[in-house]
Amino acid sequence: IRHQPGFISVCIHGSLDGRNVVNYAQWESKEHFESFMRKPETQEQLRRFAGLAKSVAPGLYRVDSVHAA
């Protein structure tokens, strides 16, 4: 993913009980993300990942603020 146009970063968060995973990815724009999602190779990867998950709840969000130390 890191070589895709518009990709910024991804963080994978695993719950302490080992039951949940959150994939938090940042893209330069919604259009960049949508272009990535339309690619056949992306769709194939998503099908493989779906076979591993009991449930998936995707959502798109905007960054409203960033607070750093």
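Entry 1. I counted the salt bridges in this predicted model, and the count comes to three.

Entry 2. I looked up the pair in helix α1, which covers residues 30–38, and found that the side chains of lysine 30 and glutamate 34 meet in a salt bridge, with 3.6 Å from N to O. Lysine 30 and glutamate 34 are four residues apart, about one turn of the helix. For glutamate 34 I noted a relative accessibility of 30%, so this residue counts as partly exposed.

Entry 3. I then turned to helix α2, residues 40–50, where glutamate 44 and arginine 47 both lie, three residues apart and again about one turn of the helix. These two form a salt bridge whose closest N and O atoms are 3.2 Å apart. Glutamate 44 has a relative accessible area of 37% and is therefore partly exposed, whereas arginine 47, with 52%, is exposed; the line between the two classes is drawn at 50%, with exposed meaning over that value.

Entry 4. Which residue forms a salt bridge with arginine 62? I found aspartate 64, with the closest N and O atoms 2.8 Å apart. I recorded 68% relative accessibility for arginine 62, which therefore counts as exposed, and a relative accessible area of 60% for aspartate 64, which is exposed as well.

Key. Residues numbered from 1 in each chain as written. Predicted model: local features only at pLDDT ≥ 70, side-chain atom pairs only at ≥ 80, totals over all residues. Heavy atoms only, no water. Salt bridge = Lys/Arg side-chain N within 4 Å of Asp/Glu carboxyl O. Helix = DSSP H or I, 4+ residues; strand = E, 2+ residues; numbered from the N terminus. Buried < 20%, exposed > 50% of the residue type's maximum accessible area, 1.4 Å probe, protein only.
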